[in-house]
Amino acid sequence: MNFKEVSIVGSGISGLTAGCALLSKGIKTNIYERSDNVSEFGAGITLSANATCLLDRLDILSQLTKVSYLPKKIIVRQFSTGEEIARMSINSNKANEFITTDRRDLIKVLLDRYQSLGGEVQNSSEVSEIYPEDNQLILSDNRKQKAEVILACDGIRSNIRGRYFDNSKPIFTNFLAWRGLTDISNLPDFEDSHEINLYYGPGGHVVHYPTGKEGTVNFVGIRESKKWTKESWRQEGSKADLLKDFKGWNSDLLKLMTSPQNLYKWGIFERPKIKSIKNKNIILLGDAAHPMVPFIGQGGCMAIEDSYTFGELYSKLESQEEALNKYQKIRLKRGNWIQRRSNMQAKFNHLSSPFLVKVRNLLVDKMSINGVKAVHSYDAHKEVLKVLKS
Ligand SMILES: Cc1cc2nc3c(=O)[nH]c(=O)nc-3n(C[C@H](O)[C@H](O)[C@H](O)COP(=O)(O)OP(=O)(O)OC[C@H]3O[C@@H](n4cnc5c(N)ncnc54)[C@H](O)[C@@H]3O)c2cc1C
C-alpha cells in the first residue's frame with residue numbers, strides 16, 4: 001500500500017504508542033496535542049502482560065523496565081484487620097511481564113521512543129473540526145491540516161467521539177478514587193507490604209504498590225459515592241474527608257493513605273457502550289473508544305492494545321478501508337468485554353453481606369487467577385495474524 005500519513009489527536013498513552021507503532025513500520029505520523037507540552041499526572045499505573053508483550057515488540061519495554069518496579073506477588077487483604085485473604089504469584093515466567101511504574105516515566109519513555117524514530121508532537125494544537133470528505137482537520141487557531149487517516153486518541157472527554165460518533169457524554173459512575181504518592185517507609189507492617197497489596201471492603205477497595213521511583217509508593221482508594229458535584233475531574237482532597245470515606249478501615253493502611261502532602265480525589269467517569277469505533281477515515285483508540293472503571297487496571301493496557309493493533313493492520317493490509325474495518329472488528333469486541341469485566345470487579349471487591357464476603361473470600365484465589373488469566377493472556381499480535389489469515 002502507498003501509505004498515507006496518519007494524523008493522531010492526543011499525546012497520551014494511546015497517541016504516543018500509536019505513533020511508535022506506525023513510525024517503526026516507516027509510516028509517517030503527526031501528533032496534535034492541545035496542551036503546551038506532553039505531560040502526565042504524577043501517579044502510579046500497572047501494566048499487565050497483554051500490554052507489556054506489545055511494548056516489548058515495539059522496543060519500549062527494556063527502557064521502561066529500568067524505571068519500573070517488578071512485583072512478584074499480589075496479596076489480597078481484609079479491609080479492617082489487614083488479614084491476608086489470598087496471594088497470587090506474578091512474573092514467575094518473565095520478570096517484567098507485569099510492571100508498576102510512574103505515569104510520568106511511562107509517558108517520557110514513550111515520547112523518547114517516538115522522537116528517536118523521528119516523530120514530532122505539535123503542542124498547543126487543539127483539533128476543533130474534522131472534514132473527512134475533504135481529508136482535512138482544523139485546529140482551534142484556524143490552521144488547516146491535511147488529514148487522510150485520523151486516530152482519535154483524545155481521551156475520555158473526546159470531543160471527536162461526541163461529534164462524529166455517538167453524541168455521548170461522560171457519565172459519573174458513582175465511584176470516586178483517592179490517589180496519592182508517598183514514601184515507602186509509610187507502608188503498613190504486614191508481610192510483603194512492598195508487593196501489590198489489595199484490600200477488599202464494603203463499598204470500596206484500596207490498592208498500593210511501589211512505582212519504581214526510588215522509595216515511592218502509589219495508592220488508589222475507591223469508594224462508592226452518590227454524586228460528584230465538582231465541575232473538574234480532579235480536586236485536592238483533605239485528610240479529614242479521606243478518613244470519613246474510609247471509616248473503620250485498618251489504621252496502618254489509613255496512616256499510609258493520609259501521609260502524602262497532596263491528596264487528590266477523582267470522579268470516575270465512563271461513556272455508554274459504543275456500537276462503532278470507525279466512521280469514514282476516523283477511528284477511536286484508548287479512552288476515547290472504551291473508557292472504563294480502573295478496577296482491573298486495564299484502561300492504559302487497552303490503549304496500548306488498540307495502538308499496536310492499528311499499527312500492524314495499517315502496515316500489513318493493501319487497502320486502508322480494510323485496515324480500518326478490521327481494526328473495528330477486533331477492538332470493538334475486546335474493548336466492550338473488558339469494559340464489562342471491569343464493572344463486574346466492583347461488585348466482587350465491594351461486597352458487604354457477611355455471607356457473600358465469606359463465600360468470596362473462599363473463592364478469591366481461583367476466581368482471581370482464572371479471571372486475570374483471561375484478561376492478561378490476550379496477545380494482540382497473534383490476534384492480528386489470525387485476522388490477516390482469515
Ligand atoms: C484512578 C485511575 C487509575 C488507573 N489505573 C490504571 C492502571 O493501573 N492500569 C491501566 O492500564 N490503566 C489505568 N487507568 C486508566 C488509564 O489511565 C487510561 O485508560 C489511559 O490514561 C488513557 O490514555 P489515552 O491516551 O487514551 O487518553 P488520555 O491520557 O486522556 O490522553 C488524551 C490526550 O489527548 C489530548 N487532547 C484531548 N482533546 C484534544 C484535541 N481536541 N486536540 C488535541 N489534543 C487533545 C489531551 O490533552 C491528552 O493529552 C486508571 C485510571 C484512573 C482514573
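Tutor: Val-76, Ala-86, Arg-87, Met-88, Val-364, Asp-365 and Ser-368 line the largest cavity. By cavity I mean a set of points, on a 1 Å grid over the protein atoms alone, where a 1.4 Å probe fits but cannot get out; a lining residue has an atom within 4 Å of a point. The volume of the largest cavity is about 40 Å³, counted as the space filled by probe spheres set on the points, with points joined across faces, edges and corners. The structure has one cavity of 30 Å³ or more. Sort its lining and you get four nonpolar residues, one polar and two charged. In that sorting Ala, Val, Leu, Ile, Met, Phe, Trp, Tyr, Cys and Pro are nonpolar, Asp, Glu, Lys and Arg are charged, and the others, Gly among them, are polar.

Before going on, keep in mind that this is a predicted model: local features need pLDDT of at least 70 and side-chain atom pairs count only at pLDDT 80 or more, while totals for chains, interfaces and linings use all residues. Residues are numbered from 1 along each chain as its sequence is written, and side-chain values use heavy atoms, with hydrogens and water left out.

Back to the lining: β5 and α10 each give at least two residues to that of the largest cavity. These names come from DSSP runs numbered from the N terminus, with helices (H or I) of at least four residues and strands (E) of at least two. β5 (84–89) and α10 (354–376) turn up again around the second largest pocket, where they and α2 (49–57) each supply at least two lining residues. A pocket is an open set of grid points with protein on both sides within 12 Å along at least five of seven lines. This one has a volume of about 530 Å³. Its lining runs to 20 residues, and Ala-49, Asn-93, Glu-97, Lys-373 and His-376 lie nearest its centre. They split into eight nonpolar, seven polar and five charged.

Stay with α2 for a moment. Its buried residues are Ala-49, Asn-50, Ala-51, Thr-52, Leu-54 and Leu-55, where buried means under 20% relative accessible area, exposed means over 50% and partly exposed is in between (1.4 Å probe, protein chains only). Just past the helix, Asp-59 has a positive phi of about 60°. Asn-91, in the loop between β5 and β6 (99–102), also has a positive phi, near 60°, without being a glycine. Most residues other than glycine have a negative phi. Asn-91 counts as buried because its relative accessible area is 13%.

His-381, in helix α11 (residues 380–389), is in contact with Leu-54, Arg-57, Tyr-308 and Glu-312, leaving aside neighbours within four places in sequence; contact means heavy atoms within 4.5 Å. Its side chain also makes a 2.6 Å polar contact with the side chain of Tyr-308. A polar contact is a pair of N or O atoms within 3.5 Å; within protein one must be able to donate a hydrogen and the other to accept it, and residues adjacent in sequence count only if both atoms are side-chain atoms. At 13% relative accessibility, His-381 is buried. Thr-309, in helix α8 (residues 299–316), is buried too, with a relative accessible area of 0%. Its contacts, again skipping neighbours within four places in sequence, are Tyr-327, Ile-330, Arg-331, Ala-380 and Val-384.

Finally, the ligand. There are 29 residues around it, and Ser-14, Glu-33, Arg-103, Asp-287 and Gly-300 come nearest; to count, a residue needs a heavy atom within 4 Å. A ligand oxygen is 2.6 Å from a side-chain N or O atom of Glu-33, and for Arg-103 the corresponding distance is 2.8 Å. Arg-103 belongs to helix α4 (residues 103–116) and counts as buried because its relative accessibility is 19%. Beyond four places in sequence, it is in contact with Glu-40, Phe-41, Ala-43, Gly-44, Ile-45 and Arg-179.
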